[in-house]
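Try each one yourself before reading the solution.

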Amino acid sequence: MADWDAKYSKAPQGLFGAEPNEYLREIVARSDFRAHSALCLADGDGRNSRFLAARGLAVTSVDLSPVAVANGQALDARAGLAVDRFAADLEIWQPPTGRHWDEI
């Protein structure tokens with residue numbers, strides 16, 4: 001398994017860059033995209049969740065690496081954005097009962 005903490009420790013400004021995934025940009029640009037909330041899984045340091053938050057969505061971000069989560073929080077603060085970030089292993093994590101999102 002990759003050592004994600006080590007990888008993210010070496011890239012506090014963004015392991016995969018600052019721009020969101022191109023597919024995500026295409027989806028958000030669609031005229032029928034009307035989400036108000038999103039869950040970003042394996043979000044790393046949050047380039048995609050920040051993109052969504054900047055567009056007004058309430059975003060929850062989950063990643064395995066606590067270092068990635070910390071980097072994401074620092075990048076969010078610099079961008080003046082709020083994203084609910086936490087570290088969890090997606091093999092065992094389950095959303096809280098009754099919690100839902102418009103998009104995942």
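The model is predicted, so to speak of local features takes pLDDT of at least 70 and side-chain atom pairs count only at pLDDT 80 or more, while totals for chains, interfaces and linings use all residues. Residues are numbered from 1 along each chain as its sequence is written, and side-chain values use heavy atoms, with hydrogens and water left out.

**Exercise 1.** Work out whether threonine 60 is buried or exposed, and find its side-chain partner.

- Start with location: threonine 60 sits in strand E2.
- Its relative accessible area is 3%, so call it buried (under 20%; exposed is over 50%, partly exposed in between, 1.4 Å probe, protein chains only).
- Now the partner: its side chain makes a polar contact with that of arginine 99 at 3.4 Å (N or O atoms within 3.5 Å, one able to donate a hydrogen and the other to accept it; residues adjacent in sequence count only if both atoms are side-chain atoms).

**Exercise 2.** Find which backbone nitrogens lie by the side chain of aspartate 63.

- Aspartate 63 is also in strand E2, and at 8% relative accessibility it counts as buried.
- The backbone nitrogen of serine 65 is 2.9 Å from a polar atom of that side chain.
- For the backbone nitrogen of aspartate 43, the distance is 3.3 Å.

Definitions and conventions: Helices (H or I, at least four residues) and strands (E, at least two) are DSSP runs, numbered from the N terminus.
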